[in-house]
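Here's a quick tour of a metal site and the ligand beside it. Have the model open and follow along.

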Amino acid sequence: QAKQQGRNHWQFYNKQRKSMSASDIILRSQLQQAIDNEALQLYYQPIIDFSTGKIVSVEALMRWTLNDGTAISPVEFIPLAEATGQIIPAGAWALKQACTDLHKLQQAGVQRVAVNLSALQFHRANFFEQIEKVLNDTQTPPDMLELELTESILMENTDNAINVLERLRERGVRVAIDDFGTGFSGLSYLKTLPVTKLKIDRAFIKELDHSLSDQVITQGIINMASQVGLEVIAEGVETKEQIAILKQFGCGYGQGYYFARPMPLTDLLIFLQNSDLI
Ligand code: C2E
Ligand code: MG
Ligand code: MG
Ligand code: MG
């Protein structure tokens, strides 16, 4: 059934794009094999609470390595999977895997796992029921799951989006807006949405210590977010200087290579044991 779904989207993709490159066609069938054989992986990247210096949650990030050892970046295969519909089975797998791994993470002191969602998943008719089923099947406390959505997902079909967000909130599942600042929605719009968190896109953090305009934007986002009661995570934190500025601006949380890169569950569990170092 998942395959059938994939095929329908594939036809759609062909109509839209007229053609797909030969390498995309090969990748698509390799990706299908990886989905069928459950050969995709989830890596986890810690998210740090600036006020305590401790790891509070982790973000689950999909990884795909070909049989010959070549790693394909999600920046490449996620858009492909979205275009072909393969994100539906791949995303369902990631959600279930993250909720399964959550039990071990919880024992190691992690409060929550964040899972990325694509528009195609979020706007499906049975999306909420799917979340419900995963929570039940994996015995996951709803407030331990956080879903990361981009602004564009919420802008796409706003009535449906708000409806789903409200059901999630009622159920106790948290929602964060990913890559904030790269879309066009703005905070006045977000104020009306039942979400709990913003993740400031890495693009604003990258040059934070020397770009005055990035400082102004970042501070503006943090100030307005706190006024409407949203928590803020800075993405792509790589230096001490960035951390100092973010703390000064009142940013609550950070995630980035400075603290840790995304890693497999087993590595993360070891890292968590030694994470007093952070
Ligand atoms: P994202 O959700 O914004 O995830 C953050 C990305 O920033 C990750 O890239 C992470 O490895 C990277 N990153 C974290 N800290 C740093 C840093 O300090 N410096 C730099 N340069 N990069 C940093 P990744 O893992 O390559 O994922 C890229 C994107 O692919 C994600 O962006 C997300 O949009 C998408 N993605 C990944 N996994 C999934 C998934 O399971 N489902 C869906 N729908 N999308 C996913
Ligand atoms: Mg994300
Ligand atoms: Mg992001
Ligand atoms: Mg991103």
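A donor here is an N, O or S atom within 2.8 Å of the metal (3.2 Å for Na, K and Ca), and water is not among the atoms, so sites may look incomplete. With that in hand, the donor residues of the magnesium ion (ligand 2) are spaced E-x56-N-x31-E-x29-D in sequence. They are Glu59 (OE), Asn116 (OD1), Glu148 (OE) and Asp178 (OD), at 2.0 to 2.2 Å. Glu59 lies in strand β2 (residues 54-65) and Asp178 in strand β6 (residues 174-180), so the pair ties together parts that are 119 residues apart in sequence. Strands are DSSP runs of E, at least two residues, and helices are runs of H or I, at least four, numbered from the N terminus.

This is a predicted model: local features need pLDDT of at least 70, side-chain atom pairs need 80 or more, and totals for chains, interfaces and linings use all residues. Residues are numbered from 1 along each chain, chains are lettered from A and ligands numbered from 1 as written, and side-chain values use heavy atoms, without hydrogens or water.

Asp178 also coordinates the magnesium ion (ligand 3), 3.9 Å from ligand 2.

Now for ligand 1. Its shell includes Arg63, Asn116, Asp178, Glu238 and Tyr257, where near means a heavy atom within 4 Å. β2 gives the most to that shell, with four residues. Some polar contacts (N or O pairs within 3.5 Å):

| Ligand 1 atom | Side chain | Distance |
|---|---|---|
| nitrogen | Gln45 | 3.1 Å |
| nitrogen | Ser118 | 2.9 Å |
| oxygen | Arg202 | 2.9 Å |

Conventions:
A polar contact is a pair of N or O atoms within 3.5 Å; within protein, one must be able to donate a hydrogen and the other to accept it, and residues adjacent in sequence count only if both atoms are side-chain atoms.
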